Amino acid sequence: MRKVWAAGVFHGLVGGVLFFATLHPLRDALGAHALELAKIGGVWQAMQGLALMIVAAVTTARIPALLIAIGTAVSCAMLYFIIFSGTRPPFIVLVPIGGAIAAAGWVSLLWTKPTNFQ
C-alpha cells in the first residue's frame, strides 16, 4: 500500500498547488471559464489524493485504489491539458472516462473491509 500512499500524496500535492495557483498567479493568466475549471480540477484532485491516503492507511484494497488513482490521473491530466493549451483535443472523451474509472474505484470500495474493523 506504499505505492497507493505515494499516489495519494502526489495527487494531493499537484491538486493543492494548482488550486492555490488559481488564487494569484493563474488568476490573471487564464480566462474565467479556464480558471473555474482549474479550481475544480485542483480541488477534486487534492480530495482524491487525500482519499487515497486514507484508503492506504485503513484497507488493503489495491484494485479500488488503483482505479481511483488512475482515473484521477487520466481525467485531471486531460482537464489540465484543455485548460493550459486552450484547445480541445480529439481525445477529450478521456476526461469523463477517467472520472468513471475513479467512480468505479469508489463503488468497489463498498465490498472492501477496513483492516481496523472486526
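How do the axes of H3 and helix H4 cross, and within what distance do they come? The axes of H3 and H4, the latter being residues 94-108, come within 7 Å and cross at roughly 160°. Here axes are lines fitted to C-alpha atoms, for helices over the stretch in contact, and angles run from 0 to 180 degrees between N-to-C directions. Helices (H or I, at least four residues) and strands (E, at least two) are DSSP runs, numbered from the N terminus.

Two remarks on conventions. This is a predicted model, in which local features need pLDDT of at least 70 and side-chain atom pairs count only at pLDDT 80 or more, while totals for chains, interfaces and linings use all residues. Residues are numbered from 1 along each chain as its sequence is written, and side-chain values use heavy atoms, with hydrogens and water left out.

Let me turn to the overall picture. The protein has four helices and zero strands, and from the N terminus on its elements run α-α-α-α. Along the principal axes, the C-alpha trace spans about 50 × 30 × 20 Å. Of the 118 residues, 36% count as buried; buried means under 20% relative accessible area, exposed over 50%, and partly exposed in between (1.4 Å probe, protein chains only). Among contacts with a separation of 6 or more, 75% are accounted for by residues 24 or more positions apart, where contact means heavy atoms within 4.5 Å.

I return to the pair I opened with. The axes of H3 and H4 cross at roughly 160°, and that makes H3 roughly antiparallel to H4. On this scale, angles under 35 degrees count as roughly parallel, over 145 as roughly antiparallel, 65 to 115 as roughly perpendicular and the rest as oblique. H3 passes H4 in a left-handed crossing; a crossing is left-handed if the near helix is turned anticlockwise from the far one by less than a right angle, and right-handed if clockwise. Residues of H3 that meet H4 include Pro64, Leu67, Ile68 and Gly71, and on the H4 side they include Leu94, Gly98, Ile101 and Trp106. By class, this contact of H3 with H4 has 13 nonpolar, seven polar and no charged residues. For those classes, Ala, Val, Leu, Ile, Met, Phe, Trp, Tyr, Cys and Pro count as nonpolar, Asp, Glu, Lys and Arg as charged, and the others, Gly among them, as polar.

Next, helix H1. At what angle do H1 and helix H2 pack? H1 and H2, the latter being residues 32-58, pack at about 155° with their axes 7 Å apart, which makes H1 roughly antiparallel to H2. The crossing of H1 and H2 is also a left-handed one. Among the residues making this contact are Trp5, Gly8, Gly12 and Phe19 of H1, together with Lys39, Gly42, Gly49 and Met53 of H2. The contact of H1 with H2 comprises 13 nonpolar, eight polar and one charged residues.

H1 (residues 2-21) also packs against H3 (residues 62-85), at an angle of about 25° and with the axes 11 Å apart. H1 is therefore roughly parallel to H3. The contact is made by Val4, Ala7, His11, Val14 and Leu18 of H1 and by residues of H3 including Ala65, Ala69, Tyr80 and Phe84. H1 passes H3 in a left-handed crossing.

Some individual residues deserve attention. Is Gly8 buried or exposed? Gly8, which lies in helix H1, counts as buried at 0% relative accessibility. Leaving aside neighbours within four places in sequence, Gly8 is in contact with Gly49, Leu52 and Met53. Met47 lies in helix H2 and is exposed, with a relative accessible area of 53%. The C-alpha atoms of Met47 and His11 are separated by 8.3 Å, the two residues being 36 apart along the chain.

Thr112 is placed in the segment after H4 and is partly exposed, at 21% relative accessible area. Beyond neighbours within four places in sequence, Thr112 is in contact with Thr59, Ala61 and Pro64.

I close with the aromatic rings. Rings of Phe, Tyr and Trp (its six-membered ring) pair if their centres lie within 6.5 Å; planes under 30 degrees apart count as stacked, over 60 as edge-to-face and the rest as tilted. By this rule the count comes to one aromatic pair. The rings of Phe19 and Phe20 have centres 5.5 Å apart and planes at 65°, so the pair is edge-to-face. Phe19 is partly exposed, at 25% relative accessible area, whereas Phe20 counts as exposed, at 55%.
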